[in-house]
Each structure stands twice: as C-alpha cells, then as structure tokens.
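Got the viewer open and the selection box ready? Let's walk through this one stop at a time.

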Amino acid sequence: MGITIENVSKSFGSFQAVKQVDLDIASGSLVALLGPSGSGKSTLLRLIAGLEMPDTGRILLTGKDATYQSVQERNIGFVFQHYALFKHMTVRQNIAFGLELRKVPRAKIKARVEELLELVQLTGLGDRYPSQLSGGQRQRVALARALAVEPKVLLLDEPFSALDAKVRKELRAWLRHLHDDVHVTTVFVTHDQEEAMEVADQIVVMNKGQVEQVGTPAEIYDHPASPFVMSFIGPVNVLRSRVFQETEGTPPHCDIFLRPRDIIIETSPNGNTVSARIHRIIHLGWEIQVELRLDDGQELMAHLSRERFEELRLEPQQQVFIKPREAKSFPLYYSI
C-alpha cells in the first residue's frame with residue numbers, strides 16, 4: 001500500500017506540530033521519519049494511522065482518500081515505544097488478540113500465531129508472560145501482534161528507544177530482515193541517525209514540523225539539502241569564516257560545513273593547509289578522534305584511521321597543518 005500525504009497540517013492549540021507536509025511513500029518500502037524531539041515526526045505517524053485528524057490536507061492510502069477513516073478502516077498495524085502488551089496475557093494470547101476481535105476461526109488463529117512466533121524468532125516462548133521476557137523479546141511480541149491481522153501498513157513509533165544499545169543494534173538488523181520477508185509498507189519514527197541510516201530504504205528528515213529532505217541514506221549523508229540536514233546527519237564541524245583558500249569561490253556570508261572524516265592532517269605545510277594545534281586525542285577503537293584548535297580560536301574535530309594516526313605519530317599540543325578533502329557552504333542565518 002502506497003501512502004500519499006498532501007499539504008497536511010496539524011496544530012495543538014498555538015503549537016503547529018506539522019506544517020503543510022507533502023510526502024509520497026512507495027508501496028512495500030521501509031521509510032524512516034527522522035528528526036529531533038518536537039520536529040513533528042510522531043504527529044505525522046499518528047496522522048497516517050488515524051489516531052489524529054489533520055487540520056488541513058489529505059492522506060491517501062493506495063490512491064484512496066483515507067483522511068477521515070477510522071483506525072480500523074485503514075488496516076494499519078501500530079507498534080508503540082513501550083510495547084503496550086497485555087500483562088495478564090501470554091505471548092500467544094497477546095499475538096492472537098486482534099484476530100479474536102475480528103472473530104477469525106480458532107484453528108486459523110492458532111496457525112497464524114505459530115507462524116508469527118517462528119517469524120519473530122520466539123518459538124517455544126508462547127506460553128510465557130511479558131514479565132518473563134527481555135525488552136527485545138517484548139518488542140518482537142508487539143511487532144508480531146501488529147502483523148497478526150495482516151495490515152497493509154506497519155507503523156512504529158521509536159520502537160527501539162527503550163532498549164540498551166546492544167539489543168537496539170540486534171533488532172535493527174532483525175527488523176530489516178523481517179521487512180524483506182513480509183514486504184509490508186513500513187514507516188518508523190526515530191531520532192537516531194544511525195538507526196535510520198542502517199535500516200531504511202528512504203529517510204524523511206523533519207525539522208520544526210516540516211520536511212527538510214527525502215532521500216536514500218547515501219543521498220541524505222552525501223548531498224544534504226540544508227544546513228540542518230548536514231548538522232543532524234552525522235558529526236560535522238561548522239567554521240564561521242572562510243579559513244581555507246579552497247572555499248573562496250563560495251559567497252562571502254556563508255558557514256563552511258566539514259565532516260570530521262574530510263579533514264586531512266599533515267605534520268608540515270602542504271599546499272593550501274592552515275595551522276592548527278592538537279588539543280586532545282581520543283581513541284574510538286577503529287578510528288581516532290583528534291580535537292583541533294585553529295589560530296583564530298575556532299575548534300574542530302577530525303577522524304583518522306588507526307593506520308594514518310600511527311603514521312603521523314600525533315601528540316597533544318603538537319602543531320599540525322590541515323586542509324579539507326571536501327567542504328560544503330550554507331548561508332550564515334541557518335538555525336538548528
């Protein structure tokens with residue numbers, strides 16, 4: 001099922017949560033709504049689900065106007081951040097709940113529940129209660145319950161944010177594999193850039209109720225459409241003046257945005273390098289973070305491979321010379 005959002009706005013009192021959003025979500029895709037708190041991503045998800053009604057605009061499902069349809073009429077599965085499982089029901093009973101409401105024959109319910117237990121890798125745990133499961137297992141039960149009624153769209157609101165980092169990482173890969181198996185149109189909300197980049201086919205970056213950019217993870221990272229997108233997706237240095245000669249072709253009233261991986265460090269002047277002093281060196285495992293201070297007081301960080309770091313033999317307080325591999329410029333008046 002494809003989703004089309006046309007000029008949709010939603011306010012709560014004087015606060016406008018979503019502002020004139022236009023968005024197309026292809027059938028069968030896995031899309032992330034990514035943004036900081038208050039960006040409108042969860043409100044947009046609830047509008048798609050029918051849990052909220054828009055003030056203006058339309059929402060179409062497979063080309064049909066669903067703006068004022070009920071949640072049940074939309075045939076959408078919704079997974080909440082904190083699972084919302086029934087504590088007094090077993091795993092099997094939780095998964096079967098929606099099917100029982102629809103008065104599906106008992107034999108079909110049993111077969112569907114066993115199929116889903118295998119799909120979400122919980123075979124053998126059907127008789128346990130939610131309190132007897134780990135956080136990751138509970139979230140998989142919530143996903144199985146949402147999938148039980150064979151929804152045309154699956155919506156997930158920050159599904160992994162309550163879990164620890166290791167479990168989140170495991171469930172990201174699991175969700176990607178699950179989507180590839182079931183091919184249901186899936187939209188999930190997250191504020192975690194790494195999660196969106198790792199899981200989604202398309203990322204919708206939101207800020208202050210509006211869509212800043214839509215694209216693949218590679219497009220969003222390599223070709224950001226605005227200073228907000230570049231600042232929000234991955235680490236970035238912002239230089240308030242044209243430090244490097246390579247940027248002289250840019251307009252005068254621009255900030256220079258520079259990824260840490262795009263800073264080249266040399267131990268002696270080389271071409272259009274500028275002087276900097278090493279403030280701190282942080283070992284991050286497979287890469288090294290070097291915090292630098294320019295002569296004008298501006299600070300920035302660079303990421304080096306371990307091999308390059310060992311080759312340069314860098315030390316704190318050492319003077320070095322830097323230049324950008326690639327930089328982008330945006331107007332000074334941006335806000336994040």
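A quick word on pairing before you click: two strands count as paired if DSSP finds at least two bridges between them. Helices (H or I, at least four residues) and strands (E, at least two) are DSSP runs, numbered from the N terminus. This is a predicted model, where local features need pLDDT of at least 70 and side-chain atom pairs count only at pLDDT 80 or more, while totals for chains, interfaces and linings use all residues. Residues are numbered from 1 along each chain as its sequence is written, and side-chain values use heavy atoms, with hydrogens and water left out.

**Stop 1**

Select β11 and strand β12 (residues 254–258): three bridges join them, and they run antiparallel.

**Stop 2: the six-stranded sheet**

Next, colour the strands of the open sheet β6-β7-β8-β3-β9-β10, a six-strand arrangement with mixed pairing. Its edge strands, each pairing on one side only, are β6 (76–79) and β10 (210–215). Here the twist averages 15 degrees from one strand to the next. Zoom in on β3 (residues 30–34) and β9 (residues 202–207), which pair in the parallel sense over four bridges. L34 stands opposite V205 in β9.

**Stop 3: helices on the sheet**

Pick helix α1 (residues 41–49): it lies across β3, β6, β7 (153–157), β8 (185–190) and β9, and runs at about 150 degrees to β7. Then turn to α5, which packs on the sheet and touches β6 and β7 (contact means heavy atoms within 4.5 Å); its direction makes about 165 degrees with that of β6.

Stay with α5 for a moment. Is it enclosed or open to the outside? 13 of its 14 residues are buried (under 20% relative accessible area, with exposed over 50% and partly exposed in between, using a 1.4 Å probe and protein chains only), so α5 is largely enclosed by the rest of the structure. Just after the helix, look for E150, which takes a positive phi of about 50 degrees.

**Stop 4: the cores**

A nonpolar core is a set of buried Ala, Val, Leu, Ile, Met, Phe, Trp, Tyr and Cys residues joined through side-chain atoms within 4.5 Å. The largest one has 46 residues, and I95 and L154 have the most contacts inside it. Helix α5 (residues 135–148) gives the largest share of this core, seven residues. Centre on L154: leaving out residues up to four places away in sequence, it touches G77, V79, L143, A146, L147, V184, T185, T186 and V187. Apart from that core lies another of 27 residues, including I3, L61, I76 and V204.

**Last stop: zoom out**

Across the protein you'll find 10 helices and 18 strands. The C-alpha atoms fill a box of roughly 75 × 45 × 30 Å along the principal axes. Buried residues make up 51% of the 336.

Notes
Axes fitted to C-alpha atoms, helices over the stretch in contact; angles between N-to-C directions.
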